[in-house]
Amino acid sequence: MCGRFTITDPLEELMDRYMASISDDYEYQPNYNAAPMQHIPAIIGSTQGNRLGSLRWGLVPTWAKDDKIGNKMINARAETLDTKPSFKRLISSRRCIIPTNGFYEWKKEGTHNQPLRILLKDEQIFSLAGLYDTWADSEGNKLSTCTIITTEPNELMADIHNRMPVILRPQDEEEWLDRNHNDVPSLLALLKPYKASEMRAYKVSRGVGNVKNNSEELLKEVD
């Protein structure tokens, strides 16, 4: 699964990386410990180009009775996207990218779980594949939410966890965001484990387990 990540790059770098404009009223803040049910940065394609805004992490389908279901839908398995009612409709029309420069995962070591930060060896921004939806309550108030897609682990992640987030190859990002692209089989083909040779992992403080902790200290490697 994917339950925590970091996005700490300056806003200008995010905009340049995705050639994106900013959505109205969006205020970007670096996040060293992004967690479910928080609003996180997301990229969505539009007829006017890519847009950078925020979505609440934890998908709430349009048909949900209330938004509490989002707690249980922070991830979506790539293998079942085209069969699960919550995701089947979204894969062809509501895809997004969650930009990050690293994500956290916990590895069992003896009697405790050791958190690790996983990132690209070049330490650049990379793209997690996501889906989004917009839900409205009984009074018509709208809430836009998202889920991060996961897949089988690569060689690096297999030693840490049995799932990993889908990291899109840079050359596949445009296809993923293209609003006119609705060929589901070709879209699903993009959702593969990323090359382990281009990634690395290191141990970080257990303080990352507390969502209240959100500082640069969390990025430091520990023994």
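## Notebook: a look inside a predicted model

**Entry: Met199.** I began with Met199, and its relative accessibility of 3% makes it a buried residue. My rule here is that buried means under 20% relative accessible area, exposed means over 50%, and partly exposed lies in between, with a 1.4 Å probe and protein chains only. A note on my source: this is a predicted model, where local features need pLDDT of at least 70 and side-chain atom pairs count only at pLDDT 80 or more, while totals for chains, interfaces and linings use all residues. Residues are numbered from 1 along each chain as its sequence is written, and side-chain values use heavy atoms, with hydrogens and water left out.

Met199 belongs to strand 14 (residues 199-203). Strands (E, at least two residues) and helices (H or I, at least four) are DSSP runs, numbered from the N terminus. Which residues does Met199 touch, not counting those up to four places away in sequence? I found Phe103, Ile118, Leu119, Leu120, Lys121, Asn154, Leu156, Met164, Ile167 and Tyr194. Contact here means heavy atoms within 4.5 Å. I also looked up Asp16, which is 183 residues from Met199 in sequence and 23 Å from it in space, C-alpha to C-alpha.

**Entry: Asn33.** Next I turned to strand 3 (residues 31-34), where Asn33 is found. Is Asn33 buried or exposed? Its relative accessibility is 0%, so I wrote down buried. Which backbone oxygens lie by polar atoms of the Asn33 side chain? One belongs to Val208, at 3.1 Å, and another to Asn213, at 2.9 Å. I call such a pair a polar contact: N or O atoms within 3.5 Å, where within protein one must be able to donate a hydrogen and the other to accept it, and residues adjacent in sequence count only if both atoms are side-chain atoms. Phe103 is 70 residues from Asn33 along the chain, and their C-alpha atoms are separated by 8.8 Å.

**Entry: Asp133.** Asp133 sits in strand 10, and it too is buried, at 0% relative accessibility. Its side chain has a polar contact of 3.2 Å with the side chain of Arg94. The Asp133 side chain also reaches the backbone nitrogen of Thr62, at 3.4 Å. Among the other residues that Asp133 touches, beyond four places in sequence, are Leu59, Arg89 and Leu143.

**Entry: Glu173 and Arg17.** I looked up Glu173 in helix 4 (residues 173-177). At 8% relative accessibility, this glutamate counts as buried. What does the side chain of Glu173 make a polar contact with? The partner is the side chain of Arg17, at 2.7 Å. Arg17 also has its charged end over the ring of Tyr18, 4.6 Å from the centre. A charge sits over a ring if NZ of Lys or CZ of Arg is within 6 Å of the ring centre and within 35 degrees of the ring normal. I noted another case: Arg95 lies over the face of Trp176, 5.6 Å from the ring centre.

**Entry: the cores.** A nonpolar core is a set of buried Ala, Val, Leu, Ile, Met, Phe, Trp, Tyr and Cys residues joined through side-chain atoms within 4.5 Å. The largest one has 55 residues, and Phe5, Leu81, Phe103, Ile149, Trp176 and Leu191 touch the most other members. Strand 10 (residues 126-136) gives the most to this core, with five residues. Another core of eight residues lies apart from it, with Tyr104, Val204, Val208 and Leu218 among them.

**Entry: one aromatic pair.** How many aromatic pairs does a search of the whole structure find? It finds one. The ring centres of Phe5 and Trp57 are 5.4 Å apart and the planes meet at 55°, so I logged the pair as tilted. Rings of Phe, Tyr and Trp (its six-membered ring) pair if their centres lie within 6.5 Å; planes under 30 degrees apart are stacked, over 60 edge-to-face and the rest tilted. Phe5 is in strand 1 (residues 4-7) and Trp57 in strand 5, so the pair ties together parts 52 residues apart in sequence. Both Phe5 and Trp57 are buried.

**Entry: strands 4 and 5.** Strand 4 (residues 39-44) has five of its six residues buried, so the rest of the structure largely encloses it. Strand 4 runs antiparallel to strand 5 (residues 50-57), with six bridges joining them. Two strands pair if DSSP finds at least two bridges between them. Ile40 stands opposite Leu55 of strand 5. The two strands form a hairpin with five residues between them, and Gly49 in the turn has a positive phi of about 105°.
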